[in-house]
Amino acid sequence: MARITAGVTTSHVPAIGAAIDRGETASDYWAPLFAGYEWSRKWMAANLPDVVVLVYNDHASNFSLEVIPTFAIGCAESYRIADEGFGPRPVPEVPGHADLSCHLAEQLILEEFDLTVVNRLDVDHGLTVPMSLLFGQPEAWPVRVVPIAVNVVQYPQPSGRRCYELGKAIGRAVASFPEDLNVQVWGTGGMSHQLQGPRAGFINPAFDNAFLDRIVDDPEALTHIGHLEYLREAGSEGIELIMWLIMRGALGERVNPLHRFYHVPASNTAVGHLVLEAG
Ligand code: DHB
Ligand code: FE
């Protein structure tokens, strides 16, 4: 049977991808950020899963603002890299695991989580930057990916509680897949950031660090944070953190935190990163 072995959270700031693609990771600005991922890259190389269920958000790249699914699941054999205005990032196409995707789609929809099935999906920095942070710059990605896209760009986004419950359902669905697969679940985006308006540049380390504490030991408490609280405490783009709750729900009640990193700022964002072993 398939089993979830670990969870990863990480921010997905596009400038991090640009720093990697341009060979600028050792610069004064970027070196401290990449140092925080060194342990994780080594751990990942030694603990490679077969598949990553990668919870991320599309930034009006694949879906545009004409069609905005609340939850969507990629069910393709591979995913092309989106052109976000500067040409696609120079990273490999992302291999899918269509059988696991279709199994998850079936189980989740029958459990009344009505995900949109997406058979052609171009993936943007929300998915590729976390992959680059954890896998570096390989010729081909070393894992297959089941992308789960969450609307965090246009109100009304789903609630944190709904995301946490979806995560639990993903945990059950993975466990009922008959093939013997090592699966990780990643929750991406966050931490506090605001890219627009009078509070552009807003970052809240106290909120972020409390969130890092709770996502490990009391995720239930985080499900009570509403949209206005995210907006006020984590900035207008801080709502991306609801995607971490999907990852955490999938991991089950107890987790073993292996690595924690927090860094301010990367571009306009507070970067938070966790590696959690499933309990
Ligand atoms: C930035 C952060 C994001 O999450 C994003 O999607 C785009 C830009 C930033 O900090 O620059
Ligand atoms: Fe983002």
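A crossing of two helices is called left-handed if the near helix is turned anticlockwise from the far one by less than a right angle, and right-handed if it is turned clockwise. The model on display is predicted, so that local features need pLDDT of at least 70 and side-chain atom pairs count only at pLDDT 80 or more, while totals for chains, interfaces and linings use all residues. Residues are numbered from 1 along each chain as its sequence is written, chains are lettered from A and ligands numbered from 1 in the order in which they are written, and side-chain values use heavy atoms, with hydrogens and water left out.

**First stop: two helices**

Select helix H3 (residues 98-110) and helix H5 (residues 160-175), which pack at an angle of about 125° with their axes 9 Å apart; helices here are DSSP runs of H or I with at least four residues, strands are runs of E with at least two, and both are numbered from the N terminus. Axes are lines fitted to C-alpha atoms, for helices over the stretch in contact, and angles run from 0 to 180 degrees between N-to-C directions. H3 and H5 are therefore oblique to each other, a word for whatever remains once angles under 35 degrees are called roughly parallel, over 145 roughly antiparallel and 65 to 115 roughly perpendicular. Their crossing is right-handed.

Now show the side chains of His103, Leu104, Gln107 and Leu108 in H3, which meet Leu166, Ala169, Ile170, Ala173 and Val174 in H5, contact meaning heavy atoms within 4.5 Å. The residues of this contact comprise 7 nonpolar, 2 polar and no charged, where Ala, Val, Leu, Ile, Met, Phe, Trp, Tyr, Cys and Pro count as nonpolar, Asp, Glu, Lys and Arg as charged, and the others, Gly among them, as polar.

**Second stop: salt bridges**

The structure holds 11 salt bridges, each a side-chain nitrogen of Lys or Arg within 4 Å of a carboxyl oxygen of Asp or Glu. Select Asp21 and Arg89, whose side chains meet in one of them at 2.8 Å, N to O. Asp21 lies in helix H1 (residues 14-21) and Arg89 in the loop between strand S4 (78-81) and strand S5 (94-95), so this pair ties together parts 68 residues apart in sequence. Arg89 is buried at 13% relative accessible area, whereas Asp21, at 27%, is partly exposed; buried means under 20%, exposed over 50% and partly exposed in between, with a 1.4 Å probe and protein chains only.
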